[in-house]
Amino acid sequence: MSITEQLTANSMLIDKGVIEYVEQEILPLYEGFDRAHSTDHVTAVVERSLALATHYPVNYSMVYAIAAYHDIGLPEGRELHHINSARLLREDERLREWFSESEIEVMAEAVEDHRASSDHEPRSIYGRIVAEADRLIDSDLVMRRTVQYGL
């Protein structure tokens, strides 16, 4: 059972429609990314984000979506991937089925703020959660991501 299923089963309120949409339409996008940003990476970031979120009074559906979208802008260029990922999140009309415009803006800012080389602190707890989850990776993965970035 995935952490998403475990947390949902344990009364973590993640909208089932959000889970279904993300698993069918967003997570598969990572299959074409480099090995350092594959579906394994996004799944790990989602799981760590949800685990960290249990320590804060946050909307778990938002945390889940932010983690899922955090790197989807990579095909448009690594240097601005955080900006492109946030733009793609803002432009995704399906998200309006579950989130208000203000929630979408908070989510987009969190996606922008996740980047390790960012010159500012995340603007919200959501950005802090996903940024930390994206950094909590094992040493083998750090090496692989470094090599992938260099290539």
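Predicted model: local features only at pLDDT ≥ 70, side-chain atom pairs only at ≥ 80, totals over all residues.
E112 lies in helix 6 (residues 101–113) and R90 in helix 5, so the pair ties together parts that are 22 residues apart in sequence. Helices here are DSSP runs of H or I with at least four residues, numbered from the N terminus.

E112, at 14% relative accessibility, is buried, whereas R90, at 25%, is partly exposed. Buried means under 20% relative accessible area, exposed over 50%, and partly exposed in between, with a 1.4 Å probe and protein chains only.

## The end of helix 6

D113 and R123 also form a salt bridge through their side chains (2.9 Å, N to O). Because D113 lies in helix 6 and R123 in the loop between helix 6 and helix 7 (125–135), the pair ties together parts that are ten residues apart in sequence. D113 is buried at 2% relative accessibility, while R123 is partly exposed at 43%. Salt bridges that share partners join R90, E105, E109, E112, D113 and R123 into one network.

## Within helix 5

A salt bridge of 3.2 Å (N to O) links the side chains of E91 and R87. Both residues lie in helix 5 (residues 81–91), four residues apart, about one turn of the helix.

## Basis of the values

Residues are numbered from 1 along each chain as its sequence is written. Local features need pLDDT of at least 70, side-chain atom pairs count only at pLDDT 80 or more, and totals for chains, interfaces and linings use all residues; side-chain values use heavy atoms, leaving out hydrogens and water.

Key. Salt bridge = Lys/Arg side-chain N within 4 Å of Asp/Glu carboxyl O. Helix = DSSP H or I, 4+ residues; strand = E, 2+ residues; numbered from the N terminus.
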